[in-house]
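Please open the model in your viewer and keep the selection panel at hand. The tour goes from one selection to the next.

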Amino acid sequence: MPEFCDVAVPVPLDMVFTYRVPAEAAPVVGGRVLVPFRQQRMTGIVVELHDRKPSVATKNILAALDTTPVLDAQLLQLGHWIADYYLAPIGEVFRTMLPLNAEFKRSIGYRLTAEGQMALHLAGMSGSSARSKRTPEEQEAEFRVLDYLAASGSDEIESEVPHASPSLPDVGTTVASGALVREETLRSATRVSKSILAGMVRKKWLVREDISAAQDATRTMKIAILKFAEGKLNENQRKLVDALTASGGKVPVASLQSQPGLRDVPRTTLATLVRRGLVEILEEPAGFTVSHSKPRPSLFDFDLNSAQQSALARLREGVSARKFSGMLLHGVTGSGKTAVYLAGMRAVLEAGRSAILLVPEIGLTPAVAADLHQIFGDEVAILHSALSDRERAEQWHRIKRGEARMVVGTRSAVFAPVADLALIIVDEEHDSSYKQEETPRYHARDVAVVRAKMANAVVVLGSATPSLESYFNAKKNKYALVELPDRVEQRPLPEVEIIDMRQEFQETGHEQVISRKLAAEIKERLERKEQVMVLLNRRGYSPVVLCRTCGKKLECQNCAIALTHHKREHKMVCHYCGFTAPVPKACVHCGSEYVYFLGTGSEKLEELLHGMFPQARIARLDRDTVRSHEDFERALNGLNEGELDLLVGTQMIAKGHDIHGVTLVGVVGADVALGLPDFRAAERTFQLLTQVAGRAGRGQTPGKVLLQTYFQDHYAVQYAARHDFIGFYEKELQFRSWMHYPPYSALANVLVRSDKLDDALQWSGILGKWFDSTRHEGVRVLGPAAAPIMRLKRDYRYHFVLKSPSRKNLNTTLRAMLAHAAQKKIPRTQVIVDVDALWLM
Ligand SMILES: [Zn+2]
Ligand SMILES: [Zn+2]
């Protein structure tokens, strides 16, 4: 046995660590070992066994945890590629690749005590205790912890389900009964050291709990059970009791509260019923149940048309060649890409090999799972974001043992340990949920291509609106371009009409949310018993609260972001960090009573539509009404089965659903994103408009789309209206080429952040000086500049944007910059390098 092993430990450092192998241990390359690291024990991955004696003293590994590798040679190589390409610490990359947290890691959580509550209360009053020996920084840190824990435990009934964020990760996930928060979550949200937490535990402000056991248990959900239906009930209580009775007396709390008829019932009503003993709430295991979802044969049972067949033939040809090949499957909305994917996977399975299908976060509903089970039986493993650590580990082992060779999942399924990989499919390859917005900041589509290369497999990227990068690569013959130009059964694409809202304003004399034309067309559809979707990509009731006296907006405490008014919750909410505040009666800056609620979000739009069409059955789909895949599916089923007339929502309604009764799609505020300072704004707008337009006319009756906009001349709007992807692509490429943006340049965003303004300024100054004084072959550096969102989650943020036609040069510069930052003692976690950044906000 070699004497030493190099171990990648999950810490934010760009290096591996050498340990001595004791006589009794037999670690393997790609296997896990338990090692002492600083004051802790950690699980790392062995990357090399060797006899080169290091110059510093080494410690022994404590145990070898695997006798065979958990990461095979190819996955190890893939991990090294990610670490190198995205400048991510190798130990953190391996941790992301292996969903085995539940097996060895001990997990700690904290809970607020009554003493802690009191301390928070006192801290909120003027001054703090004079006899305190703590520095102001320590007091501030403690306050942040107390404040965070108090906010996490504020809701008694609602169980918080982690959900996908389209842009930024959520601030944290509440565990178990609400107030127990994982140490990692707490520390990353409040940036406090372990010693501060330990001090707070000594003061009895917090209790520290081992939650490994809780983590091992299956996820639970709260179920409301009707005990008695008698007694005097007010209107809201009656509604809840009726809904419970109608569902057989037993309903998950989260879905009860999101039923369309119960939207306006306050959360406290349920609590009242519980208190009165009429309703009981129990915790039950929450499986990703597929049983109640009927498989939809229409999805894959039809015969493939000739375009689909030739796409499938190319795919099969590539698979049997056992050589790398890439294919961009560009199919208009409704052209039947899914049928091609599933047929391709079936062929792979028949050949006894493996396939991975990646889908966007929102695409994996229980109904899709039911379809997949029907086609592939036990051969399919489904990896989705709602799995607990333990469930995820179970699926991982099934795949590793070769019991499931068809893997379907979101982003991290690209690391599934399948053997003899033949095919990777990336559905909706343009979707931004494929990019991880935390370290390692990898893009699953690009990792899929690299993995396919390593495995001599075929990679298929599919979309109706391919990303500029992928289409550009296909045009340059890096991938084969396969087009599905027509909808199945020759159904026409919907007619799109643009409504100029400036003209609407001139003619009506006031700001309209819904134009006269859209209102008339909705009315017509409802009379014909057809269905309508209305998109407004902004949730909440009013996005801005403005004081007419001093002109200031109501902003989040932690972010430079206006708070959004949520009427039903009766709260002001920050959409970036989750901070909430009461709805102001007077201006918080000057005390004036003239506070105005401006603008319209999806909640207000729903209310407006209710007012205009009181007879219509209306539901809303956005992150406020959808707390789980089940909620999402319920709304779609409602449409499918004709129980709904009108669906209002954010971009969630635009994604991939196949509902045949929708004949009209209205887009309100088509151009919300065009105002953002981001070079991808036009591309995103074009994609969203094309995707939502694609929801219309998928059945027998042709569809129509009305786009309301203030930017009617913008090319993203114009080309989307004409279903002209190529036209948009050519125009956008011109812009990218002039501005040296991707795909003509490799791009990285370097963000410097700190909760202290002085640190953020000083560190970005140090790096700015270094960029100025050092020669960087062919790399343009812009900045330092304040990030467009200058303050986010308590951090002050400055950034640099680096562009280079040579990825190698870009990478060299970034690496040198990180080395300089380390030398200047700038903490590695406060300098974020985002290679191929999707957002420059
Ligand atoms: Zn004011
Ligand atoms: Zn915020």
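Select C556 to begin: with 6% relative accessibility it counts as buried (under 20% relative accessible area, with exposed over 50% and partly exposed in between, using a 1.4 Å probe and protein chains only). This is a predicted model, in which local features need pLDDT of at least 70 and side-chain atom pairs count only at pLDDT 80 or more, while totals for chains, interfaces and linings use all residues. Residues are numbered from 1 along each chain as its sequence is written, chains are lettered from A and ligands numbered from 1 in the order in which they are written, and side-chain values use heavy atoms, with hydrogens and water left out.

Because C556 lies in the loop between β21 (544-547) and β22 (564-566) and C574 in the loop between β23 (571-573) and β24 (580-581), the pair ties together parts 18 residues apart in sequence (strands are DSSP runs of E, at least two residues, and helices of H or I, at least four, numbered from the N terminus). C574 is buried as well, at 2%.

Finally, select α23 (residues 681-693) and α25 (residues 725-738), whose axes come within 11 Å and cross at roughly 170° (lines fitted to C-alpha atoms over the stretch in contact, with angles from 0 to 180 degrees between N-to-C directions). The two helices, α23 and α25, are therefore roughly antiparallel (over 145 degrees).

Note on methods. Parallel < 35°, antiparallel > 145°, perpendicular 65-115°, else oblique.
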